[in-house]
Amino acid sequence: MLVLLIIFMISAPLLTVGVPVELPKTEASAVETKSEPLSVSIDQQGAIFVGDSETAFDQLSARLQTEAGGADKAAERPVFVRADGRAPYQAVARVMARLSASGFTKLNLITDTAPEA
């Protein structure tokens, strides 16, 4: 049972989001959230993913509001934006602006922790 526990502990973080992005390194602390966050990923080429599926920029707002449970609940749900460190700044800024204009107020940029110097 101990071996199974170790296997699940190691594999669980790998199952959270399936879009492979290389997150930028920062020294920020972890974000605490009480409700299940929505995940938006931006890959190196600027493609946008909601969860595991690619979404067009024009459909981003409607797709996230649907997943949040409606436009009236958008302000309650946190959105984790995971952008590849090599993604164009313009793509990340456009996504953040679209989310903010759509009523999402709890936006979080997800990064990796920087190694201790």
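User: Why does Asp52 count as exposed?

Analyst: In this predicted model, Asp52 has a relative accessibility of 58%, and exposed means over 50%, so Asp52 counts as exposed. Asp52 is found in the loop between strand E3 and strand E4 (53–55), and its C-alpha atom is separated by 8.9 Å from that of Ser39, which is 13 residues apart from Asp52 along the chain.

User: Why is Ser102 called buried?

Analyst: The relative accessible area of Ser102 is 12%, and the term buried requires a value under 20%, so Ser102 is called buried. The residue sits in the loop between helix H3 (89–101) and strand E6 (107–109), and, leaving aside neighbours within four places in sequence, Ser102 is in contact with Ser61, Gln65 and Ala74.

User: What makes the approach of the Ser102 side chain to the backbone oxygen of Arg98 a polar contact?

Analyst: A polar atom of the Ser102 side chain lies 2.7 Å from the backbone oxygen of Arg98, and the cut-off for a polar contact is 3.5 Å, so the distance falls within that limit.

User: How do you know that Arg94 lies over the face of Phe57?

Analyst: Arg94 is placed at 3.9 Å from the ring centre of Phe57, whereas the rule for a charge over a ring asks for a distance within 6 Å, together with a position within 35 degrees of the ring normal. The distance therefore meets its limit, and Arg94 is listed as lying over the face of Phe57.

User: How many aromatic pairs does the rule give?

Analyst: The count comes to 0 aromatic pairs, and since rings pair if their centres lie within 6.5 Å, no pair is recorded under that cut-off.

User: What pattern do the helices and strands of the protein chain follow?

Analyst: The chain has 3 helices and 7 strands, and read along the sequence these follow the pattern α-β-β-β-β-α-β-α-β-β. Among contacts between residues at least 6 apart in sequence, 75% join residues at least 24 apart. Buried residues make up 33% of the 117 residues, and the accessible surface comes to about 7800 Å², with 58% of it belonging to carbon and sulfur atoms.

Note on methods
Residues are numbered from 1 along each chain as its sequence is written. This is a predicted model: local features need pLDDT of at least 70, side-chain atom pairs count only at pLDDT 80 or more; totals for chains, interfaces and linings use all residues. Side-chain values use heavy atoms; hydrogens and water are left out. Rings of Phe, Tyr and Trp (its six-membered ring) pair if their centres lie within 6.5 Å; planes under 30 degrees apart count as stacked, over 60 as edge-to-face and the rest as tilted. Helices (H or I, at least four residues) and strands (E, at least two) are DSSP runs, numbered from the N terminus. Buried means under 20% relative accessible area, exposed over 50%, partly exposed in between (1.4 Å probe, protein chains only). A polar contact is a pair of N or O atoms within 3.5 Å; within protein, one must be able to donate a hydrogen and the other to accept it, and residues adjacent in sequence count only if both atoms are side-chain atoms. Contact means heavy atoms within 4.5 Å. Accessible areas come from the Shrake-Rupley method with a 1.4 Å probe; for residues, only the protein chains shown count as cover.
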